[in-house]
Amino acid sequence: MNFAERMLHIDRRIIFLVIGVCTLLPLLYPVGLAIKVSSEVRGVHDYIESLPEGSVFLLSMDYDPASKPELYPQAVALLRHAFRKNLRVIGMTLWLPGTGLADQVMTQVAREMGKVSGKDYVFLGWSPGSGSLIINMGQDLYKAFPTDYYNQPTRELAVLKGIQTLRDVNYVVSLAAGTSGIETWYVYGKDKYKFELGGGCTGVIAPGLYPLLRSGQINGLIGGLRGAAEYEVLIGQKGRAVAGMDAQSATHFAIIVLVILCNVFYLLVKTSRKQGEAR
Amino acid sequence: MIFLRRQLPLVITFVTGVLFTAQYYVPHPRSELMLTEVTKWLQIIGGFALVLGVTSLFHIHAVKIRRKEPGWGYSLVLYAGIFGTIAVGFSYSFAAGQWVNGKETINGIMTAFGWIYLNMMVPLQGSMFALLAFFIASAAYRSFRARSREAALLLIAAVIVMMGRVPLGELLLPVSGDITQWILNVLNASVRRAILIGISLGAIALSLKIIFGIERAYLGGGKE
Amino acid sequence: MNAEWGMMSAWREARGERLWGRIRPLALTLPLVCLSALASTDGAAMAQHALVSPQNLRVIDTPSEAGGGLTVLWSKADYDAPDVRYQILIGEGAEKKVVAEFAADSHYVRDLKWPWWSRPDRPEAHQFNLRSGRGLELKNGTSYTVAVAVVKGTERAETPPVQAIPEPNWVNWNQMNNLLLVLLFGAVVLGSIRTAKQRDIFLRRIPGLDAVDEAIGRATELGKPILYLTGAGDMSEPSTIAAAVILGRVAKRVAAYETDLLVPHRDPIVMAVCQEITKQSYLEAGKPDAFKEDSNFFITTDQFSYTAAVDGIMLRRKPAANFFMGSYFAEALLLTETGASTGAIQIAGTDSDHQLPFFVTTCDYTLIGEELYAASAYLSREPIQVGTLRGQDLGKGFILVVLVLGTILATVGVLFSTDWPRIVLDLFKDLK
Amino acid sequence: MAFELLLGAWVATGLTLFIFTFLYQDNPLFKLAEHLYVGVSVGYTIVKTYDTVLIRLIYEPMVKQGDWSLLIPLGIGTLMLARYLPNATWLSRIAFGFIVGVGSGLAIPRIISSFILKQVEDTVRPLISIAQGAPTFTYNLSDPSSNLNTIVLLIGVVSVLFYFFFSIEHTGPVRVAARTGILFLMVAFGAAFGYTVMARMSLLIGRLSDLIEYADPQYGRASLWLGVATVAILLLWRVQRREQPPDTG
């Protein structure tokens, strides 16, 4: 076993350690590198910015705790923006395990912005069915959600006045960690009920949503923690996402270095084997 | 009887399938009313499907405990988790002065059910997936090799996107951000679009086969 | 009665326009000229000013809708400009009121993106849709009187009123291209399945299958076992079915070479099915005695426990070849990375597109997406599988042709600024 | 600080660290946390389903608002559970027939409209644009809708579709198209790879931020103490296991 081979076979726990340190150090000692805003994120932001006061904004938080670090900051930033613009906000989720998180973020941001449940916003909670739920909301919102999350009859809520179906909603944003997310909202919702649709998603599924972005089926896309950081920059309220960007930079470079090292050693091993065979 | 058992489900599938495909093209209020009602039903039936999903898990671990298979103690932990959470979900909250009934918060006060959710379920699931960060790193070092020209292309694209998506990359190599945008918006979008078209054709073919009774796997096993 | 009859004929006229307007403009020119001549004398008699009232006013029930809507159509005029305004009026006598007002250079038919077959008027005509809501309620079956006025500074000219009745419609004509595609593709898929049942359909060889044979050969040379995973899905997923079919092929080879086979499972039903398949393969290879009941074994349903256990097997037994077929989630990387570190040949096949990048970089060969189904159809020769694959191929071929021809037509349309390519292009647009 | 918050911080930190011990090796602490995770999520699902489906969707509308038509889905749902009765399994097929039938019917036209027509519509674009009355060719790479990018997009879509073509042999021009397709595929996978790395790292950042927060004195330095305890338990387990004969299996 030569040097390159030995290097390739080092204990992987050493690499675990490297990654742990690369994440931890920038979190403890942040640098604050500048963040450039992409047009995808700007699409969502500018649309909310253009909505007049009192417009109806539906935020569907379609994720579970596994994706909390990526999508929770997005939800916070979007809700802050919507509340600041005095939009009427409807919160919900298509993912059962995400109900508690969605409830938490709605309550927290509403309290911070001085908004009242039932008057300025409503949290509908979770309901089964995904696609059929969305169709049902498009047909009759009150049939799909007879009561909100806190068992208040939805028909009596001031915030929902004049809203009968999804057609009366001005903007829907789905924060998705997988299917039953943005695509579901398009196929079963926007396709027929014609509201404007935007998306936020985890990094894993972001590349798959570009065809919808290109064709204008969604008018913007917030991708992962980086997307959330861009949104925080846009609304001028820096939070967890911006704070994580330095660590993100450090880990990405650590991975890039590791990939390069892997291939250098791989090449070395390959050439030395070839030389060995030639002899 | 044979008709009821074997043909009836297929007839139902055919009729509902054709009806709801056709519904899409019929804007008449009666057709819309049918859609409203039936999607409402599907929502409720969807809840029952969830119950179906978890029962097999109950069964597997019950067998493990009964036979005292290796690691059956962990199955007990699992059962404790299930029943503990259910008990708390239906307990009485003294702080809020009412029954919890599956609410994480009541009037802004966190319930015990919400506590379990936030302090157990959220960190557990979150950490489980955070583990992957470490494994991606070790894979990056040990096995992401440019075995072929194709794999090399993949790795180069990956490195560019990794640089272009973080502030440090854009600082060191400003052009990486633009290239990343181009890769995502043009190259990636074209491939994803082709895949999307392919998958959609597959999904439509499958749905058609189901409606016409050619594909019956969904009916599940079980003796007739 | 009279009004209804009038509306019906207007509707028929509109339908005639819809079908033939773009293809045979000549056929319509004559009646249109007559119509506009009639209307203009009418208008001239009414208006005392230089400002001429809007011409050719037609009010029809909004087509392809659930009702509660009226569509108002009138010709474009020379005075269409931002400072001139149109008003839409509803009602008669004292109850007449303005329900909408907008700049005269807006609200054209072309703005509403109708496909050519359901366009109610020529693209340059004006169109305004009246809907219930915001102080206006249009009831189905009730007759409404509508007029259009033009306002320029202090001048104003109004058309004679026209009556129309909103009705719910049974067909959404804008979506007929969608229905056409459903019928077409349905016929193709069902037809291909039928053909596949009658005769052999050609399927190209999947190169990945050669790699499978090669890996088994190498495992035999080394005298080490082969590890085969069927993924995380249950038997209802196409990828799991494909994984089971390919397992049959692998088992047959393995039986012939008398190599050890290890198939750890995450789903008890999949395990039962795979056990049967393996047994059958050993029989077919003529080695029923070499079959071991416990080569298929169940570990656990939990994602990470399963992964940890399989990783353990890889490290202890050091298989010469690892196969990852079926659907995978985040555990994919943990499995393939460990496998790669043991130096095994790794072959993957999955439709879980989020995991594909990791399979491609850590495995020696990867069946990408539909290739997995194709490999399974190629091996099983099952008519439904083969026929479906063929049907989808025809669908893809059709889309390919549309993409290429459509681009050429669209380019021609821009280059010569003509409109006729739309006859084809509109068929492949989602306009509704 | 309220007791439940403090306890919550300690429990959350402990469980996080238990999961992270998997990095060292599969061990009882990890297994404990993992099974607890599965148990708690199943319990959560059951409670939520009960509250949402039985109470909010069935009981309230039916009993309080008198919407008795909901007995139909209730009946179909119950039929589905007949799956567990050996003699009545066939009843569940009626329910599945209904669900799958409606689901397929709803999906077909919507998928055609959203994923076929919309995607084809956006791919079929003129390769020439008109600027100031004259036909021009725009080649700005950073504008996704420039003519050059339209061509690249078209080539990408067409060649990848060719790659997934199974009823003709990959020879001659088809081979060239399919080879181009695989190159496009690889770049797209590369982009996905990069994005996934980003996603996974974000998850780690999220968890570590929590741990840092819980290392604060106001939480009684939970992360530090529990970290030490976890390491100690692991070492103990290690030592104990070395004394026992290694297990086989």
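Visitor: Before anything else, what counts as a salt bridge here?
Guide: A salt bridge is a side-chain nitrogen of Lys or Arg within 4 Å of a carboxyl oxygen of Asp or Glu. Glu32(B) forms one with Lys192(A), where the closest N and O atoms are 2.8 Å apart.

Visitor: What kind of model is this, and how are things numbered?
Guide: This is a predicted model, in which local features need pLDDT of at least 70 and side-chain atom pairs count only at pLDDT 80 or more, while totals for chains, interfaces and linings use all residues. Residues are numbered from 1 along each chain as its sequence is written, chains are lettered from A and ligands numbered from 1 in the order in which they are written, and side-chain values use heavy atoms, with hydrogens and water left out.

Visitor: Back to chains B and A. How many salt bridges are there between them?
Guide: The count between chain B and chain A is three salt bridges. There are also 27 residue pairs in polar contact, both residues being at pLDDT 80 or more. A polar contact is a pair of N or O atoms within 3.5 Å; within protein, one must be able to donate a hydrogen and the other to accept it, and residues adjacent in sequence count only if both atoms are side-chain atoms.

Visitor: Which helix of chain B gives the most to that side?
Guide: H4(B) gives the most to the side of chain B that touches chain A, with 15 residues. Helices here are DSSP runs (H or I, at least four residues), numbered from the N terminus. By class, that side of chain B has 29 nonpolar, 18 polar and 13 charged residues. Ala, Val, Leu, Ile, Met, Phe, Trp, Tyr, Cys and Pro count as nonpolar, Asp, Glu, Lys and Arg as charged, and the others, Gly among them, as polar.

Visitor: How much area do chains B and A bury?
Guide: Chain B and chain A bury about 5,600 Å² between them, with 62% of it on carbon and sulfur atoms. In chain B, Gln43(B), Tyr141(B) and Arg165(B) lose the most area to chain A, together 14% of what that side buries. Buried area is the accessible area (1.4 Å probe) that two parts lose on being put together, summed over both.

Visitor: And what do chains D and B bury?
Guide: Chain D and chain B bury about 10,400 Å² between them, 80% of it on carbon and sulfur atoms. The contact (heavy atoms within 4.5 Å) takes 110 residues from chain D and 110 residues from chain B.

Visitor: Which salt bridges join D and B?
Guide: One of them pairs Arg193(B) with Asp122(D), the closest N and O atoms being 2.8 Å apart. The count between the two chains is four salt bridges, and 14 residue pairs are in polar contact there, both at pLDDT 80 or more.

Visitor: Where does the largest share of chain D's side come from?
Guide: H2(D) supplies the largest share of the side of chain D that touches chain B, 27 residues.

Visitor: Changing topic: is His61(B) buried or exposed?
Guide: His61(B) is buried, with a relative accessible area of 1%. Buried means under 20% relative accessible area, exposed over 50%, and partly exposed in between (1.4 Å probe, protein chains only).

Visitor: What does His61(B) touch?
Guide: Not counting residues up to four places away in sequence, His61(B) touches Ser75(B), Leu78(B), Tyr79(B), Asp302(C) and His35(D). His61(B) lies in helix H2 (residues 29-66) of chain B.

How values were computed
Helices (H or I, at least four residues) and strands (E, at least two) are DSSP runs, numbered from the N terminus.
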